[in-house]
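User: I am new to this structure and would be grateful for a close look at one part of it. Please begin with a single residue and its contacts, and then widen the view to its surroundings.

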Amino acid sequence: MGDFLKILRRFVPPYKKYLVLNIFFNILSAVLTLFSFALIIPILEMLFMGDAGVQYTYMEWGSASLKDVAINNFYYAAAFCKSTYGASTTLMLLAVALVIMTGLKTGAAYLSSHFLIPIRAGVVRDIRNFVYDKIVALPIGFFTSEKKGDVMARMSGDVAEIENSIMASLEMMFKNPIMIVVCLTMMIVISWQLTLFVFVLLPIAGLVMGRIGKRLKRQSLTGQQQWGALMSTIEETLGGLRIVKAFNAEHKMRHRFHDENQQFFRTSTRINRRQALAHPMSEFLGTITIAIVLWFGGTLILSGKNIIDAPTFIYYMVIFYSIINPAKDLSKAAYAIQKGLASMQRVDKILNADNPIKDPLQPKALPKGNYDISYRNVRFRYNREWVIDDVNLDIPYGKTVALVGQSGSGKSTLADLLPRFYDVEEGEITIGGINIKDFKVKDLRELMGNVNQEAILFNDSFYNNITFGVDNPTRQQVIEAAKIANAHDFIMESEEGYDTCIGDRGCRLSGGQRQRISIARAILKNPPLLILDEATSALDTQSERLVQEALDRLMKNRTTLVIAHRLSTIAGADLICVMHEGKIVERGTHDQLIALNRYYKRLVDMQKF
């Protein structure tokens, strides 16, 4: 219950107004329930006791306790009506009063739910927003250790479970305790001896239910983790379907999926069976409690000590029975909440994840015009081994510097440190003589444009993909950027021109076309610093020529850091750095490195061969 209250304290405060109204109408509904049930006593007396009842006279208000005066005058009015209009008419009026009271009670109950709905829907909306905002804010390094399918499962399945369990239980958690407290108060007023006996029985039943609920939470956590693994397998299958089919691995993927699905089936079966036990268990325990109270109350009546009379005992049992259903709903809610808490625990792994890429407390302004980049004794590692080991590199503003070397030598990592996708562990990187950690992350990345080996596009129009990340560009600016990127012609040949949707990840385009769209996006942003990560390595010769022409236009008058496998594309770079095992082992122009006849020369010769 403590974890549930923590969730409420985190997410409910913006909806305090609705919560107050919900509690008010829950209290009103509970009080009206008591008054509507109270009308049962005179109806029973009139039906079964006839004129054998006590004769009542009118009492002045204040002449006795409020309870005694109210009960006496109510019975006096009923007796007067009976003697004046007859028993049948009086019974009809009592029945009408019962209907009216029930109508008011159900109206108050509806209003309590009416004001709870915005809380339930709003909290779930807020959790989704918080999770998505955190996913966008977290560094790339967080997702290298997390399966994408599992993150999606937390965003979808776990949040849905929170909605279906915790939020669906809000009404039970706010309504039922109020009903139980109000009814118990009335039970104490009617007979404290009988109620004291009830207080001994109820905690025993609650203890039994609580022990079952704790085990449910543990199993639910396992189930959600297995659901995340299942989602990961689906995501990997869809993403790699071409390879699955090419290697005839359908049976292998089917076997893997079926095994994971079978594990999830077993766990979810255990969870649902245990949850299904809540209602029968609570009903059985409730029946035992009612039976014991019936025996004890009947004994008090038969003893003749006038502790409680028969009609009042019936009213007492009606009130007590009205507690049983809320108690059962409360136990079901407790089961559902245990499932939801397991999901909340998984969602919290994202919400509570630390983001090491932070803005400084006192950020510095970007240098105007001076964008010289310097790597000073930079070291970085993902796990134990240093991926970048004591690198020193100066990139003057307006120059093109290329990084070459074998795969895994640290080229892409060195480039990723510049926009702070990762932070250096030792040393520093400066722009204009200022450590990049002293800038706001947003301001730092505003200086840079990226064109990667895999053109990352979105399932949207050409226009929206090119303008991605640029505020309020004119259509003419977009067209100019597309022309510079050699993309305008094939865009205009499409069905709706710049408004044509390019499909998921640009699936309707060729590799060269996708790359030219990403170049147009970088051109429109017009950044002073440019990072090209193997932008032409996956293209055919003709597409490479068109893309290279676009890149040459893009690189004019700006600092460019190029990562390349095709050495022919960087022969004109101002500086070429050869990386090997995280270190820069050679640096110079193309001709200088050829003359050294070492690493670079061997790379060139291998590509010629």
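This is a predicted model: local features need pLDDT of at least 70, side-chain atom pairs count only at pLDDT 80 or more; totals for chains, interfaces and linings use all residues.

Analyst: Leaving aside residues up to four places away in sequence, Tyr600 touches Val404, Leu567, Ile570, Ile576, Val578, Glu586, His590, Leu593 and Ile594. Tyr600 also belongs to the largest nonpolar core, which has 41 residues. In soluble globular proteins, nonpolar side chains tend to be buried together.

Another core, of 33 residues, lies apart from the largest one, and includes Ile373, Phe380, Cys577 and Met579. Ile373 leads on to a sheet, where this residue stands opposite Ile431 in strand 4. Strand 1 (residues 373-381) and strand 4 (residues 426-431) run antiparallel and are joined by five bridges. The open sheet is formed by four strands in the order 2-1-4-5, with antiparallel pairing. Strand 2 (386-395) and strand 5 (434-435) are the edge strands, each pairing on one side only.

Met92, Leu93, Val96, Ile100 and Leu104 make a nonpolar surface patch of about 460 Å². Leu104 is found in helix 5, residues 87-137. Leu104 counts as partly exposed because its relative accessible area is 48%, a value that lies between the limits of 20% for buried and 50% for exposed.

Notes
Residues are numbered from 1 along each chain as its sequence is written. Side-chain values use heavy atoms; hydrogens and water are left out. Patches are made of residues with over 30% relative accessible area and no salt bridge: like charges are joined within 9 Å, nonpolar side chains (Val, Leu, Ile, Met, Phe, Trp, Tyr) within 5 Å. Accessible areas come from the Shrake-Rupley method with a 1.4 Å probe; for residues, only the protein chains shown count as cover. A salt bridge is a side-chain nitrogen of Lys or Arg within 4 Å of a carboxyl oxygen of Asp or Glu. Helices (H or I, at least four residues) and strands (E, at least two) are DSSP runs, numbered from the N terminus. Buried means under 20% relative accessible area, exposed over 50%, partly exposed in between (1.4 Å probe, protein chains only). Two strands pair if DSSP finds at least two bridges between them. A nonpolar core is a set of buried Ala, Val, Leu, Ile, Met, Phe, Trp, Tyr and Cys residues joined through side-chain atoms within 4.5 Å. Contact means heavy atoms within 4.5 Å.
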